[in-house]
Amino acid sequence: MSNLTNSLYNLRQMDDLADQDTLIHRIHPLVKLLLTLFYLIVVVSFDRYEIIRLIPLCFYPLIVFSLAELPLAPLAKKILIVQPFIIGAGVLNPLFDSQTVVFAGLTFSRGWLTFISIFIKSSLTVAATLLLIATTGMHRLAAALRLLRIPRLFVLQLLLTYRYISVLGEEANRLFRAYSLRAPRQKGVHHRAWGSLAGQLLLRTLDRAQRVYQAMALRGFTGEYFSGAPPRLRLADLLYLILWAAFFLLVRFVDIPSLLGSLLIGASA
Amino acid sequence: MSHHKVEIQDVHYRYPDGYPAVNGLSLHIRHGESVGIIGANGAGKSTLLLLLMGLIFPSQGKIVIGDIPLSKKTLPLIRQRMSMVFQDPDDQLFMTTVFDDVAFGPRNLKLEEAEVTARVTQALARVGIPHLRDRAPYKLSGGEKRTAAIASVLSMDPDILVLDEPTASLDPQSRRRIMDLLKGFQHTKIITSHDLDMVLALCERAVVVKDGKIAADAPSLELLTQAELLESCGLELPLSLQGCPRCGLSSSAE
């Protein structure tokens with residue numbers, strides 16, 4: 001079950017990254033959350049054949065990544081993890097959409113274009129979301145969600161899930177370790193034991209939930225959740241928001257690659 | 001500070017499956033007293049704590065904290081006076097940072113944020129972990145978690161501290177640190193434990209629970225030296241009172 005341990009470690013690694021103090025980490029969490037949402041909308045709003053126009057949008061994750069001084073390997077790994085799903089979703093496109101187009105002097109089926117477009121869009125959106133978490137951290141993100149008036153209970157549930165996923169993972173880990181020690185010649189868990197293992201885990205989780213609730217109730221919890229004062233919005237935060245939002249709008253409504261291309265061609269003519 | 005007594009009068013409790021966990025238990029704890037509640041597994045110690053904290057209600061009998069009878073209505077009042085540290089600190093540390101965890105209680109009391117910060121700072125300083133305030137609870141060691149859990153109830157400024165197995169699963173030095181810390185508290189303390197040496201060191205009074213009833217109630221040194229009584233209740237002499245494996249002499253031998 002070392003995979004489970006690894007996943008838990010990976011999850012916590014994002015928290016460690018979020019604890020750094022860089023220009024990007026200091027930006028108000030709400031600003032980063034809004035910008036990420038806006039970025040996602042802009043990325044997915046492009047038509048599935050408009051690959052070239054997506055290229056300027058690569059700047060956002062690249063610049064944020066370098067300013068936040070994050071390590072490349074763990075983030076790249078996390079982006080790669082989702083790629084098999086994306087490839088699975090888009091791999092049949094070239095068969096279904098077999099009309100041909102000419103692109104850079106080459107003839108392709110349009111399905112290839114849509115496939116590449118899905119690939120780029122997914123990489124950009126996953127990268128932007130990962131960067132948000134890696135530069136903000138879950139508790140600051142939760143504060144931002146509260147500022148957006150997301151109901152307390154949802155935010156509380158998110159935080160508690162995040163807090164206890166490691167405890168649950170450790171419990172699952174212990175359960176599976178105990179199983180595998182008494183089933184030495186088996187690979188994985190025999191299907192006859194799935195039910196009782198999952199059931200055990202559920203029961204342990206319920207017990208744990210009960211005790212956590214009791215601990216909260218003893219300290220005056222009545223369903224209202226107070227997380228302290230949110231951080232203050234600074235001028236720099238607003239500037240950061242406005243500049244990136246303006247850039248996204250520009251990319252969305254002006255065809256920058258063609259414009260640059262025609263400028264270059266015009267200059268060389 | 002003169003009314004922090006705890007009065008348990010002929011309390012009965014039966015679990016929904018019919019198991020009678022507490023059977024007519026009565027106990028009077030005076031202001032400022034340190035009481036160790038000991039007993040074998042399943043004797044009813046944990047149920048007693050749940051009853052005391054109002055997490056479950058007795059089917060018969062009465063619990064009075066200070067001058068306030070425990071009921072659903074008086075719970076908020078009682079929980080401000082009496083706080084409980086859970087056996088597994090992971091149950092108690094549910095926020096993302098130690099600060100937020102220690103601030104959880106005061107914030108629920110709707111104190112001003114400045115007062116909350118003051119209380120958190122004070123509680124962390126009291127238990128000697130101000131440097132851990134921004135750490136995530138899951139990253140702490142067992143001893144640090146336990147200390148943070150204690151800070152998280154101290155910030156509520158309680159008069160009575162209830163501790164469930166405070167030294168369980170700690171390494172010897174962490175155990176010693178927690179014991180030294182608890183020894184310094186002036187609160188009325190109610191401690192359940194299987195660590196009889198800790199009870200001997202921290203509590204002037206020990207209460208043995210057996211089959212949901214009080215089997216013995218006496219000064220710790222008097223009670224914890226009665227090997228026969230302890231054995232009949234599923235316990236044994238504290239290690240410090242047992243014979244030395246090399247010379248066969250008990251450390252208490254005269």
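Predicted model: local features only at pLDDT ≥ 70, side-chain atom pairs only at ≥ 80, totals over all residues.
**Chain A, overall**

I began with the secondary structure of chain A and counted 12 helices and two strands. Read along the sequence, the order is α-α-α-α-α-α-β-β-α-α-α-α-α-α. I then looked up the radius of gyration of chain A, which is 23 Å. The globule rule gives 18 Å for 269 residues, so chain A is more spread out than a compact globule. For the extents along the principal axes, I noted that the C-alpha trace of chain A spans about 75 × 55 × 30 Å.

I also checked burial: 38% of the 269 residues of chain A count as buried. For contacts in chain A with a separation of 6 or more, I noted that 77% are between residues 24 or more positions apart.

I looked up A:E171, which sits in helix α9, residues 152-181. Is A:E171 buried or exposed? I found a relative accessible area of 7%; the cut-off for buried is under 20%, so A:E171 counts as buried. Setting aside neighbours within four places in sequence, I listed A:L201, A:R204, A:T205 and A:R208 as the contacts of A:E171.

The second residue I looked up was A:F59, in helix α4 of chain A, residues 59-67. A:F59 has a relative accessible area of 47% and is partly exposed. Which residues touch A:F59, leaving aside its neighbours within four places in sequence? I found A:W244 and A:F247. A:F59 and A:F247 are 188 residues apart along the chain, and I noted 9.9 Å between their C-alpha atoms.

**Interface of chains B and A**

I turned to the interface next. The contact list has 27 residues of chain B against 28 residues of chain A. The area buried between the two chains is about 2,500 Å², and carbon and sulfur atoms give 58% of that area. I asked which three residues supply more than any other three of the area that chain B buries against chain A. They are B:D91, B:F94 and B:Y138, which supply 26%.

Between chain B and chain A I counted four salt bridges. I looked up the salt bridge of A:R219 with B:D101, where the closest N and O atoms are 3.5 Å apart.

On the side of chain B that touches chain A, α3 (89-92) and α4 (98-108) each supply at least two residues. The largest share, five residues, comes from α4(B). By type, I sorted the residues of this side of chain B into 12 nonpolar, six polar and nine charged.

**Helix α4 of chain B**

How many residues of α4(B) are buried? I found 11 of the 11, so α4(B) is largely enclosed by the rest of the structure. The buried residues include B:D100, B:D101 and B:R107, along with B:F99 and B:F104. B:D101 is also the partner of A:R219 in the salt bridge above.

I checked what covers the buried residues of α4(B). The cover includes α10 (191-218) of chain A, together with α3, α5 (113-127) and α6 (142-154) of chain B. My last entry concerns B:K110, which follows α4(B) and has a positive phi, near 60 degrees.

Key
Residues numbered from 1 in each chain as written. Chains lettered and ligands numbered in written order. Heavy atoms only, no water. Contact = heavy atoms within 4.5 Å. Buried area = accessible area lost by both parts, 1.4 Å probe. Salt bridge = Lys/Arg side-chain N within 4 Å of Asp/Glu carboxyl O. Helix = DSSP H or I, 4+ residues; strand = E, 2+ residues; numbered from the N terminus. Nonpolar A, V, L, I, M, F, W, Y, C, P; charged D, E, K, R; others polar. Rg over C-alpha atoms; globule rule 2.2 N^0.38 Å. Buried < 20%, exposed > 50% of the residue type's maximum accessible area, 1.4 Å probe, protein only.
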